[in-house]
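Dear colleague,

I am passing this structure on to you. Please look through it first; my notes on what was found follow below.

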Amino acid sequence: MVAENSADSKNDILLSTQEVIKEALDKLGYPNEAFELMKEPMRMITVRIPVRMDDGKTKVFTGYRAQHNDAIGPTKGGVRFHPNVTEKEVSALSIWMTLKSGIVDLPYGGGKGGIICDPREMSFRELEALSRGYVRALSQVVGPTKDIPAPDVFTNSQIMAWMMDEYSRIDEFNSPGFITGKPIVLGGSHGRESATAKGVTICIEEAAKKRGIDVKGARVIVQGFGNAGSFLAKFMHDMGAKVIAISDAEGALHDPDGLDIDYLLDRRDSFGTVTNLFDDTITNQEMLELDTDILVPAAVQNQITEENAHKIKADIVVEAANGPTTLEATKILTERGILLVPDVLASSGGVTVSYFEWVQNNQGYYWKEEEVQEKLREVLVRSFNNVYTTSQNRQIDMRLAAYMVGVRRATEAARYRGWI
Ligand code: NAD
C-alpha cells in the first residue's frame, strides 16, 4: 500500500530522495562524484520467479533486490510483497536504508527488495513457494555478510523463516544471520515486532522534551492502524497520552476525550482495519487537520502536502510511515515552527533491532527483552539528539539534517576505500 507509481515528479519518491541527498552532500562539502555514487543503488537485480499455483498452472512473478551501497558493510533492508512494487520504489527505499543505518550508526549499507504480487490473494503454500523462489534466484548475491533481508509491507516472520530455511539449504549450513525478523525460536530477537513503534515512541518523547510537552496527557493522532500504527497507539495510550484519533484506509475515528485503544486493538482485522465497524467516522484528511499536540502519520506516502500543510495544527509531526510528507510540505511545516521528525530517523527502530538480531545470531548468545529495549533507547535518544543538534546548529529542517547525518558515514567510507 506504500508503493509509489505517480508520474508527478513532486511525488516521485526517487527524485525527491535524490534532491535531498544532493543538498546534504553539497552542504557537507563533498564533490559531485559523491552524489553520482549515492544517487542510485550500486546494484539492482531483477529476478523472475516461477511458482506452481494451486490451480496447477505456473505463474511467473517479478522481484527486485537493490543494494545501494556496501562501503560500510553488508547491505540490509526489507522485502515487500505488493502489487504496486516498482524498481524505482525499491531503489529509493534502498537509499533510505543507507540513510537510516547511517543515522543510527549501524555497520550496514542500505538494501531493499520487493516482489510484484498480491499476498492477500495467495494461499499459504503459494506464498511459501514464492518466498523460497526469491531466495533461490538471489542466493549468490545475498547472505549474512553480503546483504541481509528483513520483513516489510505484507511480509512477516513466517516468510522470513521460509527464506532462512531456503538459504540454509542452499548454503548447506544453518544461517540464521541471513535474514532478520525471524520467529524467536529460529533466532529472532525479542522486541523486533514492535521495534519500529518503540523507536517512534522514543522520538516522540525526545521531541516532546524539546517542545516542553508532557507526553502524559498530550493529545496524539495516529494515521494507520497496522503494525506500526497500532503498536504506537498502544504505547502512547499506556504512557498516559490521550489518543484522540486513529485511522485506517477506510476512514478515521475521533474522540476528543481519548479513544479506547485496547478495545480498538481487539476489534481490528489482520490488515489493520477497524473503522468499518463504526458509523460516525471522519475522513483521513479531516483527521490530519484536527487540533492536536502530536501527529503521527503511520500509513502511506504523500499525506501531508502543500495542499494541507498550512492546515496542520500539531506542534510535533513524527513520521512513522515512509514518505508521508512531501518536500514542499516539509518546508511549510518547518516555517510554521512545527517540529517534524523525519521518517529516516523516526522509523529506524526496526533496522536497529534487526541489527541486534543479527549480532545475537552471529555471537550465538541471546538477549533478554529488557536488554534489547535498553540498547534501542540508547541508540534512538543519541540519534535523535544528533539530528536535532545538526538541525539547530545549521538552521536547517530536520529532514535535511537527518540526511546529512545519514549520508555522511557511507560517503566517508567510500572515500577511505578510494571509490571517490
Ligand atoms: P500495515 O500494512 O501493517 O498497516 C497499514 C495501515 O495503514 C493499515 O491500518 C491500513 O488500513 C492503513 N492505510 C492504508 N492505506 C491508507 C490510506 N490511504 N489512508 C489511511 N490509512 C491507510 O503497514 P505498517 O507495517 O504499519 O507500515 C505503515 C508505514 O510504516 C509504511 O509506510 C511502512 O513503510 C512504515 N514502516 C513500517 C515499519 C514496520 O516495522 N512495520 C518499519 C519502517 C517503516
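A backbone N or O atom of F225 sits 2.9 Å from an oxygen atom of the ligand. Please keep in mind that this is a predicted model. At G272, a backbone N or O atom is 2.7 Å from a ligand oxygen atom, and a polar backbone atom of A320 lies 3.4 Å from an oxygen atom of the ligand. On its own the ligand has 830 Å² of accessible area, of which the protein covers 83%.

The ligand has 23 residues around it, and those that come nearest are T196, F225, N227, A228 and G272. By type, the shell consists of eleven nonpolar, nine polar and three charged residues.

Two further residues may be of use to you.

An unreviewed UniProt entry carries the annotation "active site" for K112. K112 belongs to strand β4, which spans residues 109-115. Its relative accessible area is 5%, so K112 counts as buried, the limit being under 20%. Leaving aside residues up to four places away in sequence, K112 touches Y64, R65, A66, G77, G78, V90, L93, S94, M97 and D152.

Q360 is buried because its relative accessibility is 1%. With residues up to four places away in sequence again not counted, Q360 is in contact with S189, Y365, Y366, W367 and V372.

Regards

Methods
Residues are numbered from 1 along each chain as its sequence is written. This is a predicted model: local features need pLDDT of at least 70, side-chain atom pairs count only at pLDDT 80 or more; totals for chains, interfaces and linings use all residues. Side-chain values use heavy atoms; hydrogens and water are left out. A residue is near a molecule or strand if one of its heavy atoms lies within 4 Å of it. A polar contact is a pair of N or O atoms within 3.5 Å; within protein, one must be able to donate a hydrogen and the other to accept it, and residues adjacent in sequence count only if both atoms are side-chain atoms. Accessible areas come from the Shrake-Rupley method with a 1.4 Å probe; for residues, only the protein chains shown count as cover. Ala, Val, Leu, Ile, Met, Phe, Trp, Tyr, Cys and Pro count as nonpolar, Asp, Glu, Lys and Arg as charged, and the others, Gly among them, as polar. Buried means under 20% relative accessible area, exposed over 50%, partly exposed in between (1.4 Å probe, protein chains only). Contact means heavy atoms within 4.5 Å. UniProt positions are given in the numbering used here, feature names are shortened, and annotations may be inferred rather than shown by experiment. Helices (H or I, at least four residues) and strands (E, at least two) are DSSP runs, numbered from the N terminus.
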